[in-house]
There are 2 protein chains.
Amino acid sequence: MSTLGRGLHGRVLDALGPAITAGEYPPGSVLRTDELAQRFDVSRSVMREAVRVLESMHLVESRRRVGVTVRPKAEWNVYDPQVIRWRLAGADRPQQLRSLTVLRSAIEPVAAGLAAKHATAEQCAELTECALGMVAHSKGHRLEGYLLHDIAFHRVILNASGNEMFARLGDVVAEVLTGRTRHEVMFEDPDPAAVTLHVRLAEAIRAGDAGHAEELTREIAEGALQELDILAP
Amino acid sequence: MSTLGRGLHGRVLDALGPAITAGEYPPGSVLRTDELAQRFDVSRSVMREAVRVLESMHLVESRRRVGVTVRPKAEWNVYDPQVIRWRLAGADRPQQLRSLTVLRSAIEPVAAGLAAKHATAEQCAELTECALGMVAHSKGHRLEGYLLHDIAFHRVILNASGNEMFARLGDVVAEVLTGRTRHEVMFEDPDPAAVTLHVRLAEAIRAGDAGHAEELTREIAEGALQELDILAP
DNA sequence: TGACGAATAAGTCTGACTTTTTCTTGGTGT
DNA sequence: ACACCAAGAAAAAGTCAGACTTATTCGTCA
């Protein structure tokens, strides 16, 4: 899925991106295009393309006579899905997971409220289907199936909100949920309370009850935040 | 500020980016690198770099034997500040302004709540200063000064929230506020009620009252949304 | 229907050249 | 002796042109 080594410059990015976002090159570090090209055994043109991409993500800045300097973390385009993936795969995974969960807790309730107003019949049906799927996979260590329905559930809500900015967070939510399941609590069955909340949320949206949908989503988010606090206090 | 013609490929982007985000090339359109290079009178290497950047923004996809195809809007990296600027400068400016304002209404209340808990004494002082600056420029067509303090105010809150994802939205908020002031109501003085809300919000954060800060921010956001409804119903 | 071959456009590499920015050096004046 | 500025050298990115490779698609023919 990631950069899919689509071309040589993609391979270079798959190596350089994680390294930079992991902080292997501290802010202010200077890289030289030619040296990098040699190190990765690619031509300068290919390396230049890779640098351009890193530059567009605000991970580095390229200046004449000085080289390619790494920018401070505060300037990175942290909403770039690629950057998010790199960081989730690297060292500050916990911090990234936390900030993303806080972001979710801010956005998803509002999105759910909007979804209650704008969701089509088809979207409501999808939502119910996802919720039922979650229930069906909530017992007996069937986390893989549970995860898929959970992701689909939240994605439908974000799409149904009718806001393109919210909709584009579907991938981020998917990454967060996947990361959580795969790396933290892979052994335990999901919290039954959370499952119930999802079912009720689907009902609220179907009923067009924006306030209720918003409140239920807040409870779900609250649970996710507490889960993080338990694992990394 | 934008891409600042930093290099030839930057100039090309300043021309191609707005054109694509404005929908001049409908999704599925095919561009050819060589043809573009000729059109912009640059070498293929420069054009390739530009295409790589557009590709990293998910605006286009480059495939062998077929060319550079424009992706559907739903796949764009709409959180990329550059993409936001391009869209704000283009045709679907109103829609972009609306989705960004909705995004703000979701995030800023939560950010304010967190800021009430985490803001340093220095940040509180800055906040009060900004609020006072807004009051001072709220009468007599001094919108330029008002805008600067408004931007600084919201930026401080987002930074003080302690969440990096929120902090990085400072630029987006700045763009929205600037756009609003410069293109919509440049003649009228700001709503006195909004000014008061900002002052009270600064106080709430200084007092560490998260609930109150959150509620006040919701009211501010509500006002911004209504303003949009009035201008483009 | 499928397989083979031709056409096509992106992808890659190389080498030479330009331009900008920084560092050094040397000279000047106080 | 020190501060300061200007001219030049050096370094690295930036640009270009041309030749070649490779993957993919399309058309043709069996």
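**Figure 1. Order of helices and strands in chain A.** The model is predicted. Eleven helices and three strands make up that pattern in chain A. Taken along the principal axes, the C-alpha atoms of chain A fill a box of roughly 65 × 35 × 30 Å.

**Figure 2. The two assigned domains of chain A.** Domain 1 of chain A spans 8-75 in the domain assignment. Domain 2 of chain A spans 92-231. Their C-alpha centres lie 36 Å apart.

**Figure 3. The annotated segment of chain A.** An unreviewed UniProt entry places "domain: HTH gntR-type" on residues 6-73 of chain A. The separate domain assignment sets domain 1 of chain A at 8-75.

**Figure 4. The interface of chain B and chain A.** Contact involves 35 residues of chain B and 35 residues of chain A. The two chains bury about 3200 Å² between them. Carbon and sulfur atoms carry 57% of that area. Three residues stand out on chain B: B:Y79, B:M165 and B:R168. Together they supply 23% of the area that chain B buries against chain A, more than any other three residues.

Figure 5. Eight salt bridges are found between chain B and chain A. One of them joins the side chains of B:E49 and A:R52. The N to O distance in this pair is 2.8 Å. Polar contacts between chain B and chain A link 22 residue pairs, with both residues at pLDDT 80 or more.

**Figure 6. Helices of chain B that face chain A.** Four helices of chain B each supply at least two residues of the side that touches chain A: α3 (44-56), α4 (81-88), α5 (93-118) and α8 (164-167). The largest share comes from α5(B), with ten residues. Sorted by class, this side of chain B has 16 nonpolar, seven polar and twelve charged residues.

Key:
Residues numbered from 1 in each chain as written. Chains lettered and ligands numbered in written order. Predicted model: local features only at pLDDT ≥ 70, side-chain atom pairs only at ≥ 80, totals over all residues. Heavy atoms only, no water. Contact = heavy atoms within 4.5 Å. Buried area = accessible area lost by both parts, 1.4 Å probe. Salt bridge = Lys/Arg side-chain N within 4 Å of Asp/Glu carboxyl O. Polar contact = N/O pair within 3.5 Å; in protein donor to acceptor, adjacent residues only side chain to side chain. Nonpolar A, V, L, I, M, F, W, Y, C, P; charged D, E, K, R; others polar. UniProt positions renumbered as here; feature names shortened; annotations may be inferred. Domains from an automatic or database assignment.
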